[in-house]
Amino acid sequence: MKIALIGYGKMGHIIEQIALSRGHEVVCTIDKDNLSDFDSPAFASAEVAIEFTTPATAKDNILRAWSHNVPVVCGTTGWNVDELRIKNEELRKKTGHEWLVWKSNFSIGVNVLFELNKQLAALLAPYTQYTPSITEIHHVHKLDKPSGTAKTLAEDLQTYKFTNLQIDSIREGEVAGIHTVTWDSPEDTIEIKHTAKGRQGFALGAVLAAEQIKK
């Protein structure tokens with residue numbers, strides 16, 4: 001599979017390593033210093049692009065990729081993706097395949113955490129003595145606060161009528177990501193937690209998603 005990378009920082013380099021190890025070809029890498037390469041034959045040859053950049057640039061990056069008929073896997077958080085989700089549905093109906101896969105976190109382990117969070121909310125919903133809260137810890141370079149993962153956890157809890165959720169966001173050192181959902185009652189405390197050991201899990205999940213939506 002031919003992959004274009006949009007964003008060639010730490011995540012981009014790890015995604016490249018994983019993509020190559022799985023037998024894929026990285027045909028183009030785009031970063032802030034070579035945006036004109038969106039219009040290159042190399043980018044147009046890509047079967048899918050993987051985008052990890054900034055909240056301020058993600059939307060424009062996706063639209064530029066679409067203008068060259070390249071679908072996108074996007075892991076950038078902190079921006080409003082709803083408009084492009086609607087456009088993706090319109091394009092999918094016309095073409096028969098996805099043009100955008102966005103997740104707040106592509107890690108396999110975090111997606112298991114999402115499911116456990118929903119299951120625990122369903123089990124505890126009848127017991128009003130339990131109050132859920134969320135804590136997320138990330139490196140000091142992370143731009144959005146709270147994290148997209150924490151927002152997803154909160155949205156899933158709100159589906160079960162848990163509102164006014166407390167989300168504590170901590171920025172320290174080079175922490176890859178720690179997310180904890182705590183259910184506290186006068187009688188006991190229940191916690192589910194995911195700790196990322198690095199960026200590899202996020203990168204692998206993004207490549208797996210790209211393998212599913214290539215054009």
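**View 1. Salt bridges across the predicted model.** The whole structure holds 10 salt bridges, a salt bridge being a side-chain nitrogen of Lys or Arg within 4 Å of a carboxyl oxygen of Asp or Glu. This is a predicted model, in which local features need pLDDT of at least 70 and side-chain atom pairs count only at pLDDT 80 or more, while totals for chains, interfaces and linings use all residues. Residues are numbered from 1 along each chain as its sequence is written, and side-chain values use heavy atoms, leaving out hydrogens and water.

**View 2. Arg64 with Asp39.** Here the two side chains meet in a salt bridge, 3.4 Å from N to O. Arg64 lies in helix α3 (residues 58-67) and Asp39 in the loop between β2 (25-30) and α2 (41-44), so the pair ties together parts 25 residues apart in sequence. Helices (H or I, at least four residues) and strands (E, at least two) are DSSP runs, numbered from the N terminus.

**View 3. Lys59 with Glu83.** The closest N and O atoms of this salt bridge are 2.8 Å apart. Lys59 sits in helix α3 and Glu83 in helix α4 (residues 82-95), so distant parts of the chain, 24 residues apart, are linked. Lys59 is partly exposed at 29% relative accessibility; buried means under 20% relative accessible area, exposed over 50%, and partly exposed in between (1.4 Å probe, protein chains only).

**View 4. Asn117 in helix α5.** Look for Asn117 in helix α5 (residues 108-124). Is Asn117 buried or exposed? Asn117 counts as buried, at 0% relative accessibility. Beyond neighbours within four places in sequence, Asn117 is in contact with Leu153, Asp156, Leu157, Val181 and Ile192, where contact means heavy atoms within 4.5 Å.

**View 5. The largest pocket.** Its volume is about 1000 Å³. A pocket is an open set of points on a 1 Å grid over the protein atoms alone, where a 1.4 Å probe fits, with protein on both sides within 12 Å along at least five of seven lines; lining residues have an atom within 4 Å of a point. Grid points are joined across faces, edges and corners, and a volume is the space filled by probe spheres set on the points. The lining has 44 residues, with Met11, Phe52, Thr53, His139 and Arg199 nearest the centre. Helix α1 gives the most to this lining, with three residues.
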